[in-house]
Amino acid sequence: MSLDRGRLGALLADEERRFREAHPRSLALFERARRSLLGGVPMHWMVRWAGGFPLFVTAGEGAHLTDVDGHRYLDLCLGDTGAMTGHAPAPTVEAVRAQAGRGFTFMLPTEDAVWVGEELARRFGLPYWQFAVTATDANRFAIRLAREITGRPRILVFNWCYHGTVDETFAILRDGRVVARDGNVGPPVDPAVTTRVVEFNDVFALEAALAHGDVACVLAEPALTNVGIVHPEPGFHAALRELTRRAGTLLIIDETHTICTGPGGYTRAHGLDPDILTLGKPVAGGVTGAVYGLSDAVADRVRAHSRLDVADTGGIGGTLAANALASAAMRATLEHVLTDASFRRTIPLAERFAVGVEHVIAELSLPWIVKRLGCRVEYWFRPAAPRNGGEAAAAVDPDLERYMHLAALNREILLTPFHNMALLAPAVTENDVDRHTEVFRESVGAGGLYH
Ligand SMILES: Cc1ncc(COP(=O)(O)O)c(C=O)c1O
């Protein structure tokens, strides 16, 4: 089976035309925005949406979004996990409404923050928590603390990881050397100076990299999600824990996306034992907020290194972190929305999605596969699961991806803009999932993409 690139180009051009015709108001707003927003968008990567300009949204509710042209989309992107709970979950909305009338931010804690700390300790097993504004910040602060208490300069990440806009993490392996990832904007130093990189699932490379004795922490997603889903092989996490401990290196597990595994993330579901855990995006139901948790031992070491007189200048914090609004939103979300019951609904939906797409792949004999992690699921343009980020990145096909995304968008289904990822919110129905399967069949079966 080979992909007909000419046919793909023609199909993509048709979808682009259709998108433009169906979205005159979004297009007009985009043209207007070019005069006040750099590139016509409020955040630079919004230009990457398939279609040439982004949809402008009027409202989101549950698993659906409405745009200014009156289209109603099944949202399987969910703000790239920020709205994993579905849009505007009622308990979070209610808590935000109530808190808004009492003030947004004080630089003083509210009782909600204590409740959240207690709940996070119960869920993840780490006793001490701090708040940040974004997951990026949570990772940044976790790295700084790790450097501070170990006295070591470097960090280690897995090839093709993503942990937000954290300078040290934009490093990949090329021919065995650590180089800056393409598109890294204005790096403060060459990331090879700050970072060691090894492939996910490569225990020998990990051991060798840690043997230098200069790695303060490993920062890892427990399963890669940002270059597509790459699962750890059996024994990998046990080896990662054992090797980091032996090397005196801290283990930071970033659960920002893998919280899709269940209410206590991958950590709880698989009994991981990190020194630090970070989490952002959906923790406040889509309101800005993030957290990071510390083990007893790490907390003790941090306390021993803290100096109160310079606590506000140490590169950790943020005026708006732990603000009252975010704390209220986190409490309501953790108590009523991101619950066991919600995962009992969304994981079977993701399974149904996977089975539907797998059937079509088999029916059309496509050289593709499906991968799932909890309520996150995606299809890959390759016949076998990749073992690591390097293999995963090699399977990316931007044109094919663009076509699949745009074909879905034109049929009112929104996929995550990076790779072919879908997240299932509790408000999704079985019919919604089946509609996606139909659209998938229609898009990929259309006019002989493969021969
Ligand atoms: C695993 C992981 N960590 C951290 C982040 C950063 O999140 P934010 O952009 O909200 O800071 C992301 C963003 O995609 C992520 O996927």
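Leaving aside neighbours within four places in sequence, Gly289 is in contact (heavy atoms within 4.5 Å) with Ala132, Val133, Gly280, Lys281, Val283 and Met330. This glycine is found in the loop between β11 (276-279) and β12 (290-294), where helices (H or I, at least four residues) and strands (E, at least two) are DSSP runs, numbered from the N terminus. Gly289 is buried, with a relative accessible area of 5%; buried means under 20% relative accessible area, exposed over 50%, and partly exposed in between, with a 1.4 Å probe and protein chains only. The C-alpha atoms of Gly289 and Leu37, 252 residues apart along the chain, are separated by 25 Å.

The model is predicted, so that local features need pLDDT of at least 70 and side-chain atom pairs count only at pLDDT 80 or more, whereas totals for chains, interfaces and linings use all residues. Residues are numbered from 1 along each chain as its sequence is written, and side-chain values use heavy atoms, with hydrogens and water left out.

Strand β11 also contains Thr278, which is buried at a relative accessible area of 1%. Beyond four places in sequence, the contacts of Thr278 include Ala138, Asn139 and Ala142, the run Ile252, Ile253, Asp254, Glu255 and Thr256, and also Val291 and Tyr292. Phe131 is placed in strand β4 (residues 128-132) and counts as buried at 13% relative accessibility. Not counting residues up to four places away in sequence, Phe131 touches Ala113, Val116, Ala290, Val291, Tyr292, Ala321, Ala322, Ser327 and Met330. Between Phe131 and Val116, which are 15 residues apart along the chain, the C-alpha separation is 9.8 Å.

The ligand is surrounded by 13 residues, of which the closest are Thr136, Asn226, Asp254, His257 and Lys281; a residue belongs to these surroundings if one of its heavy atoms lies within 4 Å of the molecule. By class, this shell has two nonpolar, eight polar and three charged residues. In that scheme Ala, Val, Leu, Ile, Met, Phe, Trp, Tyr, Cys and Pro count as nonpolar, Asp, Glu, Lys and Arg as charged, and the others, Gly among them, as polar. Helix α5 (residues 135-150) supplies the largest share of the shell, three residues. A polar side-chain atom of Thr136 lies 2.5 Å from an oxygen atom of the ligand, and an N or O atom in the side chain of Asn226 is 2.8 Å from a ligand oxygen atom. A polar backbone atom of Ala135 is 3.4 Å from an oxygen atom of the ligand. Taken alone the ligand exposes 390 Å², and the protein buries 84% of that; these accessible areas come from the Shrake-Rupley method with a 1.4 Å probe.

Asp80 lies in the loop between β3 (72-75) and α3 (90-100). With a relative accessibility of 14%, Asp80 counts as buried. Apart from neighbours within four places in sequence, Asp80 is in contact with His257, Lys281, Thr416 and Phe418.

Helix α12 (residues 340-363) has 24 residues and reaches 35 Å from its first C-alpha to its last, close to the 34 Å expected at 1.5 Å a residue. The expected span is 1.5 Å times one less than the number of residues in the helix. Buried residues of α12 include Ser342, Phe343, Thr346, Ile347, Leu349, Ala350, Phe353 and Ala354. The elements that cover the buried residues of α12 include α11 (324-337), β13 (369-373), β14 (376-380), β16 (421-423) and α15 (430-445). After α12 comes Ser365, whose phi is positive, near 50°.

For α14, the twelve residues should span 16 Å at 1.5 Å a residue, and the end C-alpha atoms are 16 Å apart, which agrees. Nine of the twelve residues of α14 are buried, so this helix is largely enclosed by the rest of the structure. Among these buried residues are Leu400, Glu401, Tyr403 and Met404. Their cover includes α1 (5-22), β3, β14, β15 and α15.

Glu412 is found in the loop between α14 (398-409) and β15 (413-414). Glu412 has a positive phi of about 65° although it is not a glycine, and is partly exposed, with a relative accessible area of 31%. Trp160, in the loop between β5 (154-158) and β6 (171-174), likewise is not a glycine and has a positive phi of about 65°. At 24% relative accessibility, Trp160 counts as partly exposed.

Conventions: Polar contact = N/O pair within 3.5 Å; in protein donor to acceptor, adjacent residues only side chain to side chain.
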